[in-house]
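Subject: Structure handover

Hello,

Here is the structure I promised to pass on to you. Please open it alongside this message, and I will walk you through what turned up.

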Amino acid sequence: MFRFFLFLLLFCYGCFEYEETILFRKMSSGTVEISYTVPLKKDSKESLIKFLPTSKEEILTSVKKKSNNNLQVRDFTFRELEKSETTDMYFKRKGKVSYKLDFEDPVHLEGVLIGTFSIKQKPRSLTVKRDFPNLTDNAILDSSAGEKKIISETSRLLREGKIQFKVLFPKDSECSSNRGFIGLGNLVYQIPLQETLENPDTKTWEYKIRFF
């Protein structure tokens, strides 16, 4: 669980980004587009965040860990950021990754996306629930001395950090959500990192789409 906390804390420095867009073309198919910026190892182009890799092979391996998974990875890109694109004093080298996952059944997204993703399907509708762990006192107590120091030092740097999610669906559909902004054919939700770490009420996001 600390892995996810560290992932969130790293975003606090303002030098990491994660964006995820799910396009539901219809109930049974669609595309997920994912992009993120991560720090790189000093002497290679490998990501310092293990579960956000920079190679297509590692992404494929991670995606295929789930059984009965027919997700297809396409349009993969990776590039190392130029020195002029970052002013981060902690991580001198960073890489930007983007790719798409095509799915024929949204159930196959379970266990693949960050946090947890679960879906319930009914005739002409689907309900998605996303859960994101929050940092609690118990988690800090269970952490090692080194992990406690990381949490303590980086927590105070939280400002406007956020992770962005977008959901796209046919414009003649009907959408409801307990969080985020609903527009015509789209739903946008941004997780403010400070609330995610401190407020347990912000960890669950649920939305429902009805198709006509």
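Let me begin with the seven-stranded sheet: it is open, its strand order is E3-E4-E2-E1-E7-E10-E9, and the pairing is mixed. The edge positions are taken by strand E3 (72-80) and strand E9 (181-183); each has a single partner strand, so one side of each is left without a neighbour in the sheet. On average, and with direction ignored, neighbouring strands of this sheet are turned by 10° against each other. Helix H2 (residues 56-63) packs on the sheet and touches E2, E3 and E4. The direction of H2 makes about 140° with that of E3.

Before going further, please keep in mind that this is a predicted model. The average pLDDT of the chain is 79, and 71% of the residues score at least 70. Residues 136-143 have a pLDDT below 50, and this stretch has eight contacts in the model beyond near neighbours in sequence. The pLDDT is also below 50 over residues 156-160, a stretch with seven contacts beyond near neighbours in sequence. Where pLDDT is low, the predicted coordinates should not be read in detail.

Now some overall figures. The chain has 212 residues, of which 40% are buried, and its secondary structure comes to five helices and 11 strands. If you take the contacts between residues at least 6 apart in sequence, 62% of them join residues at least 24 apart.

Strand E2 (residues 29-39) is mostly covered, with 10 of its 11 residues buried. Strand E1 (residues 17-26) runs antiparallel to E2, and nine bridges join the two.

Thr31 has a relative accessible area of 7%, which is under the 20% cut-off, so Thr31 counts as buried. Leaving aside neighbours within four places in sequence, the residues in contact with Thr31 include Thr21, Ile22, Leu23, Arg74, Lys100, Leu101 and Phe103, along with Arg25 and Asp102.

Further along the sheet order come E7, E10 and E9. Strand E7 (residues 162-168) is joined to E10 by seven bridges, and the two run antiparallel. In this pair Phe165 stands opposite Tyr189 in E10. E9 and strand E10 (residues 186-192) are antiparallel too, with three bridges, and Phe181 stands opposite Val188 in E10. Two residues separate E9 from E10 in a hairpin, and Gly185 in the turn has a positive phi of about 80°.

Which face of E10 is covered, and which is uncovered? Leu187, Tyr189 and Ile191 form the covered face, whereas Asn186, Val188, Gln190 and Pro192 form the uncovered one. In a regular strand the side chains alternate between the two faces of the sheet.

Strand E6 (residues 125-131) pairs with strand E11 (residues 204-210) over seven bridges in the antiparallel sense, and Leu126 stands opposite Ile209 in E11.

Happy browsing, and do write back with any questions.

Best wishes

Definitions and conventions. Residues are numbered from 1 along each chain as its sequence is written. Side-chain values use heavy atoms; hydrogens and water are left out. pLDDT is the predictor's confidence in each residue, from 0 to 100. Contact means heavy atoms within 4.5 Å. Buried means under 20% relative accessible area, exposed over 50%, partly exposed in between (1.4 Å probe, protein chains only). Helices (H or I, at least four residues) and strands (E, at least two) are DSSP runs, numbered from the N terminus. Two strands pair if DSSP finds at least two bridges between them. Axes are lines fitted to C-alpha atoms, for helices over the stretch in contact, and angles run from 0 to 180 degrees between N-to-C directions.
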